[in-house]
Amino acid sequence: MSTKTQVRKPGRKKPAALSGAICLLIVGGLFYYIGHVMGAANMLNTLMHTAHDLLLNTVFYLMAICVLTGALGKIFVEFGVVNLIEKILRPLMKPLFNLPGVASLGAIMTFLSDNPAIISLAADKRFSSYFKKFQFISLTNFGTAFGMGLLVLVFMIGQGYFWQPLVGFFGAFCGCIISTRIMQYFVLKQYPHFATEDAVALENDEDAKKDTDSHQSSFIRILNSLLDGGRTGVDVGLAIIPGVLIISTLVMILTFGPSGDTGEYTGGAYEGVALLPWLAGKINIVFEWLFGFKDPHLVAYPITALGAVGAALGLVPNFISQGWIDGNAIAVFTAIGMCWSGYLSTHTAMLDSLGYRELTHKAILAHTVGGIMAAVIAHMTMLLIGLLS
């Protein structure tokens, strides 16, 4: 009996050794390729200079937006604007998303903050008691499609585009419907009994919270809301730093080419090997037909938005300076950035916290389709507007 347990122990090291070898091959191969094209010294200097410039000129700009939008969102919550909007949107929930009316509160909260806000709501038994299990699970897809929506809209408007981001918002809204409905279909196909089971049984516990803030003066409530919301914005701004610096730097070095002035590598910021545009150029007709991208470099944005929308936004100013962006691209970027909003980095944790980790791959598939359709709808809407104008 003891020999059986002893025989199994050495075998466990093989998968770890194999995965370690694969990791070394991929990372080593990637940096060998970049270093071979650019030169090792230029590669290291470009990585450092790009990350430094992104930190100073992009991250702090995004953090400022996060602070302002966080303060605004907290004001809306404190003085009942969120509840008012929730009552207005409630009639749309059942026919469009097949969700109870209170789900609109989740959309507003994630729009004002980030994807995980839907989880804090779902943890409230009074909120989750309105849902059947299949609806409750689809909240991951529903909430993600609106995550950081206000930040994305304000950022795009800050780049000098005004109505195009609203077209993108419409595309994200449609993508959310598609993603949520597909996820509900997947859940019901695997667990048909979830159609009738309640997400949670609401017990008769009296958690009636006293609204102590209501006894304070309006000035104090405004001041507290602004400071608390701004502090939340700082937390969000700090949280996006790794994504912007790591993902954006890597994507940029795979997107841009040598220095525009000399055509040679100097080790400056935003130089690269132009691998992604080369790959996208092989199938550029697909991106041009689906998204209306006029330049293959633009494919870097949706790729980055898979992991972090903040990092994807960090690409936009450089795209604008290169002259690669038009109004259609802004609309598509807004749609796919809002709808995806880094879902690959949040879906697993969100579904795990809801208690349905085994459905993560289905949620990711549903949201991938929803984000692509959001971008396509935004592009088609821009074409329709162009025909009518």
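Is Asn57 buried or exposed? At 52% relative accessibility, Asn57 counts as exposed, because the cut-off for that class is over 50%. The model is a predicted one.

## Overall fold

The protein chain has 21 helices and zero strands. Its length is 389 residues, of which 47% count as buried.

Contacts between residues at least 6 apart in sequence were also sorted by separation. In the protein chain, 77% of these contacts join residues at least 24 apart.

## Asn57 in helix α3

Asn57 is part of helix α3, which covers residues 40–78. The side chain of Asn57 forms a polar contact of 2.8 Å with the side chain of Asp53. In an α-helix there are 3.6 residues a turn, so residues three or four places apart point the same way.

Gly314 is 257 residues from Asn57 along the chain, yet the C-alpha atoms of the two are 9.1 Å apart.

## Ser104 in helix α5

Ser104 belongs to helix α5, residues 103–112. Its relative accessible area is 0%, so Ser104 is buried; the cut-off for buried is under 20%.

Leaving out residues up to four places away in sequence, Ser104 touches Glu86, Leu89, Arg90 and Met93.

## Helix α19

Helix α19 has 14 residues, and at 1.5 Å a residue these should span 20 Å. The C-alpha atoms at the ends of α19 are 20 Å apart, which agrees with that expectation.

Of the 14 residues of α19, 14 are buried, so the helix is largely enclosed by the rest of the structure. Ser341 follows α19 and has a positive phi, near 40 degrees.

## Packing of α11 and α19

Two packed helices are described by the angle between their axes and the distance between the axes. For helix α11 (residues 164–190) and helix α19 (residues 327–340), the angle is about 35 degrees and the axes are 7 Å apart. The crossing of α11 and α19 is right-handed. On the α11 side, the contact is made by Gln164, Pro165, Val167, Gly168, Phe169, Gly171, Ala172, Gly175 and Cys176. On the α19 side, the residues are Gly327, Ile330, Ala331, Thr334, Ala335, Met338 and Cys339.

By class, the residues in this contact of α11 with α19 comprise 10 nonpolar, six polar and no charged. Among the residues of the contact are Gly168, Gly171 and Gly175 of α11 and Gly327 of α19; Gly counts as polar in this division.

Key:
Residues are numbered from 1 along each chain as its sequence is written. This is a predicted model: local features need pLDDT of at least 70, side-chain atom pairs count only at pLDDT 80 or more; totals for chains, interfaces and linings use all residues. Side-chain values use heavy atoms; hydrogens and water are left out. Helices (H or I, at least four residues) and strands (E, at least two) are DSSP runs, numbered from the N terminus. Buried means under 20% relative accessible area, exposed over 50%, partly exposed in between (1.4 Å probe, protein chains only). A polar contact is a pair of N or O atoms within 3.5 Å; within protein, one must be able to donate a hydrogen and the other to accept it, and residues adjacent in sequence count only if both atoms are side-chain atoms. Axes are lines fitted to C-alpha atoms, for helices over the stretch in contact, and angles run from 0 to 180 degrees between N-to-C directions. A crossing is left-handed if the near helix is turned anticlockwise from the far one by less than a right angle, and right-handed if clockwise. Contact means heavy atoms within 4.5 Å. The expected span of a helix is 1.5 Å times one less than its number of residues.
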